[in-house]
Amino acid sequence: MEWFVSYLSDRRQRVIVNGKTSDWKPVTSGVPEGSLLAPLLFSMFINDLPSYMESGCLLYADDVKIFRKITSPADGLLLQRDLSLLSAWSVRWGLTINPAKCKSFTMTLRRAPVQTKYCINSTELDHVSKIRDLGVTLDSKLTFASHVSDIVSRANRALGLLTRSFQVGTSTSKFNRSAVQAAYFANVRSILEYCSVVWAGAASSHTVRVDRVQHKFLIWLLTHTSSGQANSLSYGSLLLHFKIPSLTSRRVQHDLLFLRNILRGKVDSRVLLESFPLHVPPRSTRTVSLFTVPRARVRTEDLGMFCRLSRAMNAFLGSAFNADIFLELLKPRC
């Protein structure tokens, strides 16, 4: 404890602008920015916050999400009470909250959801129809249309930069196809696949736009490298020609690997583990399903992570009888 007190005490800071420096001022709060211990110390500082409220509370670094199922105005009042407790907690521990950076967001499939206004420190929170959370854009209906539009736009910009970089001062004969593909995998495909387990259940009209970016890259790669002639410029023909899997098949692989990592404990989450119960039939059947696929009321729920992953793993185990997801290594192809 004394070591930590010494680490955080007697710190000073100043500002340097255009060669001019301000006077040194003492730092009375906070942790050294960029230090290795800063995330751990801050997590310890706010770790007791969920115990102050009845609503659900998720913490990640300096990001806090308070959530509750709202079925009546009374539920909205309970959530507002927890926001008031949050304000009281921040005052007690000297942590200032900026209500302007806080948003109110509702996810529901109801046509007429309960409308409630929420406040922090007497400041009404802006209600938004979509919000970005840890790199994934969530919309109120969980269609992920906005997220797909965002990643496709970013990936197209990255692809344009990549193609221009390789074309400058380089002849087609000097193109190294392996280097170009590695650059595409690192700078473009990584954008298209980030957190795919969360949003891969989007409608096919959205996910097909993701594969179009890769199709565009493969056409460019064929015309700018001496890699022989493909049978056609169709997406499937180019995938076979360059021996690259489609993004659709890779999303399925990511689903399988994610569920396997949950079962192996590599994803340490009791909630997720309990969300994929094993299937124990009352009597012997011809079809063997290891996981129970939850009953879905609507298509959005059926394509969601919990139904989709269980169904995909059952299909995989049905086609690979000797596979043991608890022991064997399942590695995605490049």
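Me: What makes Tyr 184, Val 188, Val 210, Phe 217 and Leu 218 stand out in the largest nonpolar core?

Reply: Of the 33 residues in that core, these five touch the most other members, a nonpolar core being a set of buried Ala, Val, Leu, Ile, Met, Phe, Trp, Tyr and Cys residues joined through side-chain atoms within 4.5 Å. Two or more residues each come from strand S12 (136-139) and from helices H4 (145-167), H5 (177-193), H7 (204-224) and H8 (235-242); helices (H or I, at least four residues) and strands (E, at least two) are DSSP runs, numbered from the N terminus. Apart from this core lies another, of 13 residues, among them Leu 259, Ala 312, Leu 317 and Ile 325.

This is a predicted model, in which local features need pLDDT of at least 70 and side-chain atom pairs count only at pLDDT 80 or more, while totals for chains, interfaces and linings use all residues. Residues are numbered from 1 along each chain as its sequence is written, and side-chain values use heavy atoms, with hydrogens and water left out.

Me: Which residues is Val 210 in contact with, leaving aside its neighbours within four places in sequence?

Reply: With contact taken as heavy atoms within 4.5 Å, the partners of Val 210 are Val 148, Ile 151, Val 152, Leu 192, Trp 199, Leu 247 and Arg 251.

Me: Why does Asp 10 count as exposed, and why does Asn 121 count as partly exposed?

Reply: Buried means under 20% relative accessible area, exposed over 50% and partly exposed in between (1.4 Å probe, protein chains only). Asp 10, in the loop between helix H1 (2-8) and strand S1 (12-13), has 81% relative accessibility and therefore counts as exposed. Asn 121, in the loop between strands S8 (119-120) and S9 (123-124), has 43% and is therefore partly exposed. Most residues other than glycine have a negative phi, yet Asp 10 has a positive phi of about 55 degrees, and Asn 121 also has a positive phi of about 55 degrees.

Me: Why are the buried residues of H2 said to line one face of the helix?

Reply: In helix H2 (residues 38-46), Ala 38, Leu 41 and Ile 46 are buried. Seen down the axis, the buried residues of H2 fall within an arc of 125 degrees, so they line one face, the arc being that of the directions from the helix axis to the C-beta atoms. These buried residues pack against H1, S5 and helix H3 (73-92), whereas Pro 39 and Met 44, on the other side of H2, are exposed.
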